[in-house]
Each structure stands twice: as structure tokens, then as C-alpha cells.
Amino acid sequence: MAPFESKLRNETGCRRFRRSVSRRRFLFWAFLVALFFLIYSSFFGVKLPFLGTLESDTPFISIRYNNGSLGGAGRQPKHRRQYHPCEVGFLDSVDKIVEPEDSMDFVHFSLEYIEREEKPYGHSAFKPKFGGHPTLEERENSFYARNQRLHCGFVKGPERSGSTGFDLVERDKEYMKTCHIVVSSCIFGSSDFLRRPTNKKVSEFSKRSVCFVMFIDEETRSKLASERQVIDDTGHIGLWRVVVVKNLPYKDMRRTGKVPKFLSHRLFPSARYSIWLDSKMRLQTDPLLIIEYFLWRKGSEYAISNHYDRHCVWEEVLQNKRLNKYNHTAIDEQFMFYQSDGLTKFDPNDTNTPLPSYVPEGSFIVRAQTPMSNLFSCLWFNEVDRFTSRDQLSFAYTYLKLRRMNPDEPFFLNMFKDCERRSLAKLFKHRATESPPTPVL
């Protein structure tokens with residue numbers, strides 16, 4: 001029995017020893033994981049339970065975000081808040097519409113545009129750009145509401161240097177010169193379906209007097225043809241006059257889309273009014289009713305809705321990083337520059353805040369093509385050309401700087417409710433094969 005008891009005691013002792021070693025190993029690895037997490041959190045600025053942090057150790061506020069998976073686009077909430085349209089007090093019919101005599105009675109000055117840039121002496125690496133190469137001094141001076149010549153897209157290089165992009169055939173150019181009221185949109189990179197305006201919602205008068213223009217590229221035309229949406233002999237698909245753009249000025253399709261979005265006064269030089277809607281929307285309101293309500297009745301020359309959820313640029317920066325909408329470093333550079341030039345947080349409690357929101361829902365814009373409206377559009381486009389293509393980041397800065405530098409020259413901008421925007425057009429999702437966002441470096 002003695003040898004058996006001795007053997008039993010030895011086996012029991014071994015089991016206890018192994019349990020002790022396993023427990024110590026577990027505690028050791030748990031300690032290492034906790035230590036690593038603390039070091040990681042301290043280094044990357046992560047504070048639970050928040051998804052992002054604002055840091056103010058430097059003179060400027062930077063926003064850092066850790067999305068949990070370096071390659072993903074961030075987790076979406078399980079239950080998204082629902083947003084609905086609200087009633088808009090449109091007139092019953094376009095028959096009752098009369099343009100007010102003072103509908104274009106806003107600040108008057110003359111704008112000319114830089115059409116060509118010559119190669120600077122000693123700059124062998126000079127490359128022509130669609131947006132040109134404005135210096136910081138030229139950029140600063142362009143914000144003054146006065147007679148001036150400024151960069152506003154469509155800038156060519158030296159003679160025989162070739163086109164910088166957004167080339168149109170003469171037939172389309174001539175048609176666009178005849179337009180006095182325009183509804184426009186675009187699809188580049190086959191990113192959306194072609195959504196025709198709701199036919200029964202557009203009056204016969206508007207069908208005759210309003211130009212409905214859809215800008216597309218060759219890739220989109222091929223895709224539409226494969227879906228049996230073919231351009232007819234007059235250049236139309238339904239109400240849309242389809243204009244095919246050759247030689248796109250940017251590789252980023254979103255940035256290319258800002259050309260027709262912001263520069264309607266360059267594309268339609270004879271137009272008095274223009275309406276822009278993103279291709280993810282289907283127009284379901286008569287354009288003349290829209291112009292009457294958002295411009296004439298409000299005494300405005302530019303109308304855009306506030307964002308449905310965010311109102312501060314700080315929030316918009318964080319959201320763009322959370323969803324990996326653009327290169328984080330590029331966003332930081334733009335944001336830091338704007339802060340250094342006076343951009344401040346939106347304060348809803350400040351009675352002197354000039355807008356109900358500093359973040360727009362830019363998918364629907366109504367414009368009178370006045371000097372101030374055209375200047376603002378050029379300036380906003382120039383920011384998109386210089387920095388990121390996320391125009392919601394540059395809207396407030398552009399508007400506030402224009403306002404600050406022209407205290408005696410008012411710009412009548414009507415920022416209307418997002419629920420009103422939802423009443424104007426039906427919102428759809430983009431194609432499932434939409435191009436991926438710019439990678440995060």
C-alpha cells in the first residue's frame with residue numbers, strides 16, 4: 001500500500017502544480033493584454049466608451065478616430081433614426097407664378113474668369129490643372145465681392161498643352177447656351193441609376209421652358225445602354241437632355257461631380273436660375289414651384305438645406321473619419337487650415353449665428369445666378385479643388401469667410417429644413433457597386 005499511496009500523493013501534487021502554473025500563465029497573459037491596451041489607448045487617444053476624441057493639446061483642435069478595424073468603414077448602428085418629409089407651402093399651380101420685379105435685385109459686381117495659365121518661368125514641372133494654380137494671395141483676394149477676375153474651373157494650360165478636362169461637343173454647348181432655367185444632375189463612373197423626374201409632377205409649361213440636363217461619362221452611357229436606356233436622336237432619355245462629358249478632369253468621380261454641381265453659371269451662361277439635385281434623387285416637384293417658394297418668396301439668391309443630423313463641422317470631420325470617407329491626413333490638413341483662418345464651432349444657442357446649421361445636405365441646391373451666388377459657387381468649388389472632395393467640410397468656412405470679408409455686401413442664403421428637401425425629391429440608394437472611398441493612410 002505504501003508505494004501506491006506515495007504514487008497517489010505524487011500525482012496529486014503534480015496536478016496542483018500544473019493548476020498553479022496554468023493560473024499564473026493566465027494572469028501573466030491577462031496582465032500583458034491589459035498593459036498593451038492601456039499603451040495603445042494612450043498612444044492613439046482612445047477613450048471608452050466614445051468612438052472619437054477631441055484633442056486640444058495644440059493651438060488647434062484635431063480629431064482622432066479609432067474605427068476598431070483598420071480596413072473597415074466603421075460599424076453602423078443597428079437601428080438608424082428615421083427621417084420624413086414635411087409639408088411645403090407650394091402654390092397650387094405654376095399658372096399663378098409671376099416673377100417679382102426685384103427677383104434679381106441683389107449686390108451687383110462683375111466677375112470674369114481665368115481661362116488660361118501660362119507656365120511660370122523656371123517651373124519645369126508645371127502641369128496644367130482644371131482648377132488652375134491660384135496662389136494663397138489670389139485665393140484670399142477672390143473672397144472680396146467686387147469686380148474681379150478669378151479662378152473658377154475650366155482653366156487651360158499654355159497653347160498646345162491640351163485640354164484639362166470636362167470636354168463637351170459643340171452641339172451640347174450650343175443647347176446649354178439657350179437655357180434660362182436649368183435642372184441638372186450627373187452620373188460619373190456608373191455610380192447610379194438614371195432616375196427620371198416624375199412626369200405627372202412637372203407642368204407642361206415647365207417641360208417646354210426648363211432645361212433638364214444630365215451629365216454622364218462614357219462608362220455610364222455604356223451601362224445605361226445595357227439597361228435599355230438609350231439616348232434618342234434629340235439627345236434625350238425622357239425629360240433628361242443627356243450630355244456626355246469627355247476627358248474627366250479628376251480621377252476622383254466625386255470631385256468631378258462638383259463641376260456641374262457648383263459651376264452651373266459656367267456651364268449655362270445664359271441661365272437666370274438653376275436647380276441641382278444629386279443622381280440618387282428623383283425630382284417630384286415642378287421646378288418653377290421650387291424657385292418661387294425657396295427663392296422669390298424668401299427673398300433669397302441661394303437655397304440649400306441643413307444636414308438631417310449634424311450641424312457642426314467638428315462633427316462632420318469625425319463622421320468622415322469614422323466612415324473612412326476620405327484620407328484622414330488630408331481631412332486634418334484642411335480642418336487645421338480652416339481653424340487657423342477663423343473657423344469656429346457651431347453654437348445653436350448663439351443668437352448671432354448666421355445660419356441654422358454649419359453643415360448642409362448638399363444634394364439639392366436652388367440658385368439665382370447672381371454675382372454673389374456665382375462668386376460663392378466659385379469659392380466653394382475652389383475649396384473642393386484645393387482640399388478634399390467632401391464639400392460639407394468646406395461649406396461653412398467658405399460662407400463665413402465670404403460674409404466676414406464683405407460686411408457691407410450681403411449674401412442672401414436661405415438654409416431650409418431637411419424635411420422640406422425630402423418633400424422635393426424621392427431619395428434612393430446609390431448602386432451597390434459604388435466606387436470604394438479614398439483609402440486611409
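Reader: What makes C152 and C378 a disulfide?

Author: In this predicted model, the sulfur atoms of C152 and C378 lie 2.1 Å apart, and a disulfide is defined as a pair of cysteine sulfur atoms within 2.5 Å, so the pair meets the cut-off. Local features need pLDDT of at least 70, side-chain atom pairs count only at pLDDT 80 or more, and totals for chains, interfaces and linings use all residues. Residues are numbered from 1 along each chain as its sequence is written, and side-chain values use heavy atoms, with hydrogens and water left out.

Reader: Why is the disulfide of C152 and C378 called left-handed?

Author: The torsion about the S-S bond of C152 and C378 is about -85°, so this disulfide is left-handed.

Reader: How do you know whether C378 is buried or exposed?

Author: Buried means under 20% relative accessible area, exposed over 50%, and partly exposed in between, with a 1.4 Å probe and protein chains only; C378 has 0% relative accessibility and therefore counts as buried.

Reader: What makes C86 and C419 a disulfide, and why is the disulfide right-handed?

Author: The sulfur atoms of C86 and C419 are 2.1 Å apart, and the torsion about their S-S bond is about 70°, so the disulfide is right-handed.

Reader: Why does C211 count as buried?

Author: The relative accessible area of C211 is 8%, which falls under the cut-off for buried, so C211 is buried; its disulfide partner is C179, with the sulfur atoms 2.2 Å apart.
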